[in-house]
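The entries follow the order in which I looked things up.

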Amino acid sequence: MKLIIKGEYELYKREIELIFNLFKEEDDEIIFNNQSDDKNTINFLYQIKDGFVQTDVEVNVDEKHFFVSHKRKLTDTNDKTKKKLIKQVISFVWLQTLERLTGKKHDWGILTGIRPTKLYHKLLVQTKSYDKVNEILKRDYLLKQNKILLLQEIVKRQLSVIPDLYSLKNEVSIYIGIPYCPTKCSYCTFPAYAINRKQGAVLDFLQALHLEIDLIGKWLKESNKKVTTIYFGGGTPTSLSPNQLNDILKKLAYWVDFHTVREITVEAGRPDTISKEKLAILKKWGIKRISINPQTFSQRTLDIIGRKHTVEETIEKFMLARKLQINNINMDLIIGLPGETLVELINSLNQIEKLNPESLTIHTLAFKRASYITKNRGEFEIINRDEIVKMMEYSRNWTKEHGYSPYYLYRQKNMLGNLENIGYSKENNESLYNIISMEEVQTIIGLGSGAVSKLVPPNSETTSRIPNPKEPKVYTENVKELTIKKIKELNKIFLE
Ligand code: SF4
C-alpha cells in the first residue's frame with residue numbers, strides 16, 4: 001500500500017506516521033506531497049472554529065472513496081493543550097480511516113506511547129473513578145475493551161502493592177547498569193559488551209562506578225534521601241566476578257542502609273554467569289529478588305540468537321538459586337523469536353510450570369534499529385502478526401490458569417504485532433522497581449554505563465532524563481564531571 005498524503009499535514013506528520021506504522025506491512029509507505037497529481041490520495045484538513053477542533057480526512061484510494069470526520073471541544077486555550085488536542089483528533093480520525101481502508105483493528109486505539117498505564121494513573125488521579133477512566137479511554141483514545149480491562153487490572157494491582165505510589169516523589173530509587181554480558185544476543189540493544197575480551201576495561205569501569213556510587217551516596221546521605229528500591233541491570237551484573245560484585249554491594253551498603261530499602265533486585269539474566277559463590281554474595285547482602293532469563297527453552301533458538309548457553313544450564317542455575325533459598329525469582333520469555341511458533345511457546349511454558357518462578361515477564365520481540373536481528377532481518381525466520389497475537393493470547397490464558405497476574409506493562413516501538421510486554425507475578429511477588437520505573441512516580445538515579453537517570457520533581461509534572469554514556473570507556477573518562485552535573489540537577493529538583 002502506497003498512500004499519498006495531501007492537505008494540512010505539515011505540523012502533524014509525526015502523528016500521521018505513528019498511526020500509519022501500526023498498520024504498516026513490509027512494503028507499505030506514505031508519501032507527503034501536496035504537489036502530487038496521483039489520483040490515489042488522502043487529504044487532511046483541520047480547523048479550529050467556534051471552540052471546536054475538527055479534522056476531516058477524504059480518502060480516494062483505488063476503488064475506495066470515503067470521508068471521515070471528527071470534532072472535539074476545546075476546553076483550554078493554552079497553546080500546548082490546544083496542540084495536544086489537535087494531535088489527538090488527527091490521530092483519532094486517521095486511525096478510523098486506516099481501519100476502514102485496511103479492515104484491520106487496533107486494540108490499543110490511538111495510544112502509541114510506551115506507558116499506557118501511566119496515562120491510566122493520570123486519568124484516575126483526575127477523575128477518581130475507574131469507570132470514568134475506562135469511558136475516556138474508549139471514547140477519546142479508541143481503546144478496545146480487552147486493553148481497557150487489562151490496564152484497569154494492572155493499575156488496581158499496583159495501587160494495592162504500593163498504596164503510597166502517588167506520594168513517593170520525595171524518595172528516590174537507584175538503578176546500577178553493568179554493561180557486560182558473556183556474548184551479545186542478536187536482538188539486544190542494551191549496553192552489553194562481551195566481558196571476556198575486556199578485562200582491563202572492566203577494571204577501569206568498576207573504578208569509575210565506585211567513584212559515582214561514592215559521589216551519589218554522599219549526596220543521598222547529606223540530603224537525607226530515602227531509597228525506595230535498588231535495581232542492578234545492564235548488561236548482566238552477574239557477569240562480574242564474585243569479588244567485583246561483592247565490592248560494589250559493599251560500597252553501596254556503606255551509603256545506603258539496605259534494611260530500609262523496600263526491594264533490591266539483581267539481574268542474573270544469563271544462566272552462564274551464575275555461580276554458587278555469586279549467589280551466596282547476593283544472599284549475604286540481603287538481596288531477595290533475582291532474574292534468570294531463559295527467553296526460550298528451545299536450544300535451537302538459543303543458538304540462533306547467540307545466547308551461548310544451554311537449556312539445561314538455565315534449569316540447573318535456577319535449581320541452584322532455589323537451593324540457596326532465593327525465593328523471589330523472575331524469568332523472562334520472548335514471544336516471536338526467530339523460527340518459533342506456538343509449539344515452542346507451549347514447550348517454554350511447560351518448563352516454566354515445572355520451575356515455578358515467582359514472576360514471569362513475557363516480552364514480544366521488538367526490532368530495535370541497532371540490533372543485529374533488525375539489520376539482518378532477512379536472515380531470520382519470523383512469524384506473522386496473527387500468529388504472534390495467538391501466542392500472546394495463549395500466554396495470557398496460561399498465566400491466569402497458573403496463578404500469575406499482570407502487574408506492569410509497557411510497549412516498545414517496532415514490536416511484533418504492535419503488542420506489549422507484560423510482567424506477571426504470583427501474589428506479593430511483584431517487582432516494586434518495575435512498577436515505580438514504568439509509572440515514573442519518582443526520581444530514579446542511574447549509575448553506571450548506559451544508565452539513565454529520570455528526574456521526577458516533587459513539585460512539578462515536568463520530568464527529564466540524564467543518560468550516562470553507553471560506551472564504558474566514555475563513561476569511565478567522564479564520570480566525575482557527569483556525576484557532579486547530575487548532582488546539580490538533583491539539587492535543583494529536591495533542594496532549591
Ligand atoms: S543477556 Fe540481555 S543485556 Fe546481555 S546481550 Fe543478551 S539481551 Fe543484551
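**Domain 2 against domain 3**

I took the centres of domain 2 and domain 3 over C-alpha atoms and found them 26 Å apart. The contact (heavy atoms within 4.5 Å) draws 15 residues from domain 2 and 19 residues from domain 3. The bounds, from an automatic or database domain assignment, are 2–102 for domain 1, 116–161 for domain 2 and 165–490 for domain 3.

I noted that this is a predicted model, in which local features need pLDDT of at least 70 and side-chain atom pairs pLDDT 80 or more, while totals for chains, interfaces and linings use all residues. Residues are numbered from 1 along each chain as its sequence is written, and side-chain values use heavy atoms, without hydrogens and water.

**Buried area**

I read about 1500 Å² buried between domain 2 and domain 3, 58% of it on carbon and sulfur atoms; this is accessible area (1.4 Å probe) lost on putting the two parts together, summed over both. In domain 2, the most area is lost to domain 3 by Lys118, Arg157 and Gln158, together 37% of what that side buries.

**Salt bridges**

I counted three salt bridges between domain 2 and domain 3, each a side-chain nitrogen of Lys or Arg within 4 Å of a carboxyl oxygen of Asp or Glu. I also looked up Lys147, which forms a salt bridge with Glu420, with 3.1 Å between the closest N and O atoms.

**Elements**

I listed the elements giving two or more residues to the domain 2 side that touches domain 3: α3 (116–127) and α5 (145–161), helices being DSSP runs (H or I, at least four residues) numbered from the N terminus. α5 gives the most to that side, with nine residues.
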